[in-house]
Amino acid sequence: MRGNLLYLDKESSLHQLHPLSKLAFTFFFLICAAALPGLDWLLAAYFFLLLPLAGWGQVTAPFLRSSWAVITPFVISLSLIQGFFTGGETVLFSLGRFAFTFEGWLAGLTVAARILVALGGALLLTLTTRPDALMQALTQRGLPNSLAYIVLSSIQIFPRFQDRAQLILQAQQARGLETGGNLVRRLKLLVPLSGPLILSSIVDVEERAMALEARGFSRPGRKTSLLVLRDSQAQRLLRFVLLLLGLGLITLRVWTLFQ
Amino acid sequence: MISLQDFSYRYPGQQHFALQQLNLEIKAGQFCGFIGANGAGKSTLCYALSGFAPHFFRGEVRGRAWLGKKNISDLSLADLAGEVGLVFQNAFNQISGARFTVRGEIAFGLENLGLARRRIVTRVDEVLALMDLADLADRSPYELSGGQQQRVAIASILAMQPKVLVLDEPVSQLDPHGTQAVFKIIEMISQRGDTTVVLVEHKLEWLAAYADRVIVLDHGRLVMDGTARAVLASADLVKLGIGRTLYSEAADLARNKKLVSAPSHLPVTLNQAQALFQ
Amino acid sequence: MKVKVERVSFVYHSGVRALDSIDLAISSGETVAIVGENGAGKTTLVKLINGLLRPTAGRVWVGNWDTKDFTTAQLATRVGFLFQNPDEQLFERSVEREVAFGPRNLGFSEAKVKAKTRRALQQVGLLDKAQVNPYDMQPFERKLLALASTLAMDTPVLVFDEPSIGQDAAGRRRIQRILAGLHKLDRTLLLISHDLDFCAQVATRAVVMAGGRLLADGPISKVFSQTELLAQAAVSPPQMVRLAQRLKLPGAPLTPRQFVHTYSAWRNRRKRT
């Protein structure tokens, strides 16, 4: 199935969960990321909740790789920015008149941890859920078919844009277009490079719309599906519990903020 | 099965009519080829038969187009999907992008038609076997070659079991491998006899092998309509910008030099040419 | 202008070896047909000539230029390239501006650009559509437009990648006439095509590729008559060759005229025995 999906096909229980259950987890972790009070809580959520879930989904290694690949630049930049520019008492070292404080650094790390937890929730979903299964679960709950189509087709077609952009670059170079040079020269490249991309894509969109019509996409009435999504009472309960927990966390956070 | 009565069509914003007063009737199960110079209106005719003209392109229609007893102008594109299937040149653009496997892609049309899941599974498996796509069933359609993608496109339409299958130059952009594979499928579909096939094609020797009947378009008008053998060997094809097969040309030259006896129809295919020259 | 491919190999980033130690020497003014199935390396080979790809090993010479010393845009002054899909190049709002793009990039004076543009449009038969928007034209016309853009650059070497796809009989004849005309002007032409009958009308030399190697390289009538070799490369022989072989005629006629000639000679010989 590859294509360019992040989804990894495994036989885990997490994979077998209904897409909405996994989506519920994502939202729950998003709330955790926003509402948990400190670095310790956030790291606990990552290591004691997210990581075990990733393990349950047999995607531990890719999960770790992707989270740290994304979060590392944030850790570095936030540490530096907050470390130097957020006030604090304990100075770790100084550069000129700029003092790097422990409290500042902690603040930076906390923001990075929030991103990590939110990201973790999204990664868990993407790694274990087929996009078409997710879209199907949503359309069954009322998401417009056209919106679902836009999401799914964008995932598959966007990489082709990149391929085509490369071909266009080659074609225009073969017509004597010099690439590189100063900013003005590079700006001039915009039209001959993006022009064919946009115009040919418009032609393609028209043909694809015809193909969709030929497959009855605009037919009113219920659509059936090849894919079977298994739900259960237990999962519905789980989603409800997660919803309550999420609301609870938000309430708690808001309440402590006003203390 | 499908017929046009004094049918004319004009694209929006254009002065001239792309199709002018066409009268034709294609019976169920027939294999009808359309030929003509570029710009003669072959694609437009495909659109007229499948309802895209006028329902997709808007524009002006005069005369009538019938699918069985129903007027095509009264049916929507959604109604026509599953009745008349259209396959066009660009294989890539016919992949919907909504599904991630070949199997899913083929099922897509059936899902839209609201078929019960069990029937979808059966039909998809049937079509995969028929089109020799079974070992590609779990691959992403975007990883396939042009010829394979075109086969998936045809499979996706065929799974909907249309009464009429219209193919607009399906192999123009394919290499010889892909062309062979697609023509084999078209041949098989026509031999099964349950689908009316309309094929627009430049390669005359292919039409000669499979078509019962060939219609010639010129500047939006129907100028010739007859058996494949008669039409494809006609000398008028050269004047109409369509040309002849090299076999016909060789036979014509040989006939003028009195090297072969004058045949009733010039040969169009390799086999026919061999028979003449032997 | 000559083109020389000297012991060239090419390996893609993915590790796929697309070309394996190719040697090809093309003299000035030759028209060479390059045939083979998809994946044989034809497009990879010709992209080395205008610098879109650089050889992993070996050297490519265009005239006295070693391609590795020049950018693609610089090589474009010597090598014109017609890509298979015209929609990957077209962006201007009129046919005329589109065709003028190439020569203008090459630095010709405005007067020369205008003249070359007109001439190219005339050759492809689009002069009366000079102010039309390319996307208001049909695909086969856009293909001719792309051809005009390449012709307008007026280069000594030209590469054509599947020029006859999507054209009707009139379009094919027109393109054949253009190629013949270029040959008369002593241009060096490389032609990639699946259509051996088309090649037979314009090329004098043919190269057969398979699996990144050259299987054959020689005069076109000799190469196109070697059916076992062509089969190895998954290419079908020209129609007249197939007919001649069915009838067990000696010789390898490529066109109907040549066929009838061969046939008549064979019949005469048989009459005498």
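Okay, let's start where chain C meets chain B: the contact takes 27 residues from chain C and 25 residues from chain B. On the chain C side, the elements giving two or more residues are helix H6 (169-184), helix H10 (239-246) and helix H11 (256-272). The largest share of that side comes from H11(C), with seven residues. And if you sort the chain C side by residue type, you get twelve nonpolar, eight polar and seven charged.

Before I go on, a reminder that this is a predicted model. Its scores are ipTM 0.90 and pTM 0.88. Chain C has an average pLDDT of 92, and 100% of its residues score at least 70.

Which of its residues are buried? They are C:Gln239, C:Met240, C:Val241, C:Leu243 and C:Ala244. And what do those buried residues pack against? From chain B there are helix H11 (246-256) and helix H12 (270-277), and from chain C there are H7 and H11. After H10(C) comes C:Lys248, which has a positive phi, near 55°.

Now, how is chain C divided? Domain 1 covers 3-228, and domain 2 covers 238-273. Between the C-alpha centres of these two domains of chain C there are 33 Å. Where they touch, domain 1 of chain C puts in nine residues and domain 2 of chain C puts in seven residues. On the domain 1 side, helix H7 (196-202) and helix H8 (220-223) of chain C each supply at least two residues. H7(C) gives the largest share of that side, four residues. By type, the domain 1 side splits into four nonpolar, four polar and one charged.

On to the strands of chain C. There's an open sheet of four strands, in the order E2-E1-E4-E5, with antiparallel pairing. Which strands sit at the edges? Those are strand E2 (17-26) and strand E5 (65-66) of chain C, each pairing on one side only. Strand E1 (residues 3-11) of chain C is joined to E2(C) by six bridges, and the two run antiparallel. If you'd like a pair to look for on screen, find C:Val5, which stands opposite C:Leu24 in E2(C).

Further along chain C there's a hairpin, made by E9(C) and E10(C) with two residues between them. Strand E9 (residues 205-210) and strand E10 (residues 213-219) of chain C pair in the antiparallel sense over six bridges. One pair to pick out is C:Ala206, whose bridge partner in E10(C) is C:Gly218. In the turn itself, C:Gly211 has a positive phi of about 55°.

You'll find A:Leu17 in the loop between helix H1 (13-16) and helix H2 (19-35) of chain A. Is A:Leu17 buried or exposed? Buried, because 23 other C-beta atoms lie within 10 Å, and the cut-off for calling a residue buried is 20 or more. Leaving out residues up to four places away in sequence, A:Leu17 touches A:Lys22 and A:Gln235. For a sense of distance, take A:Leu95, which is 78 residues from A:Leu17 along the chain: their C-alpha atoms are separated by 52 Å.

That's my tour, thanks.

Methods
Residues are numbered from 1 along each chain as its sequence is written. Chains are lettered from A and ligands numbered from 1 in the order in which they are written. This is a predicted model: local features need pLDDT of at least 70, side-chain atom pairs count only at pLDDT 80 or more; totals for chains, interfaces and linings use all residues. A residue is buried if 20 or more other C-beta atoms lie within 10 Å of its own, exposed if 12 or fewer, and partly exposed in between; C-beta atoms are placed from the backbone. Two residues are in contact if their C-beta atoms, placed from the backbone, lie within 7 Å. Ala, Val, Leu, Ile, Met, Phe, Trp, Tyr, Cys and Pro count as nonpolar, Asp, Glu, Lys and Arg as charged, and the others, Gly among them, as polar. Two strands pair if DSSP finds at least two bridges between them. Domain bounds come from an automatic or database domain assignment. pLDDT is the predictor's confidence in each residue, from 0 to 100.
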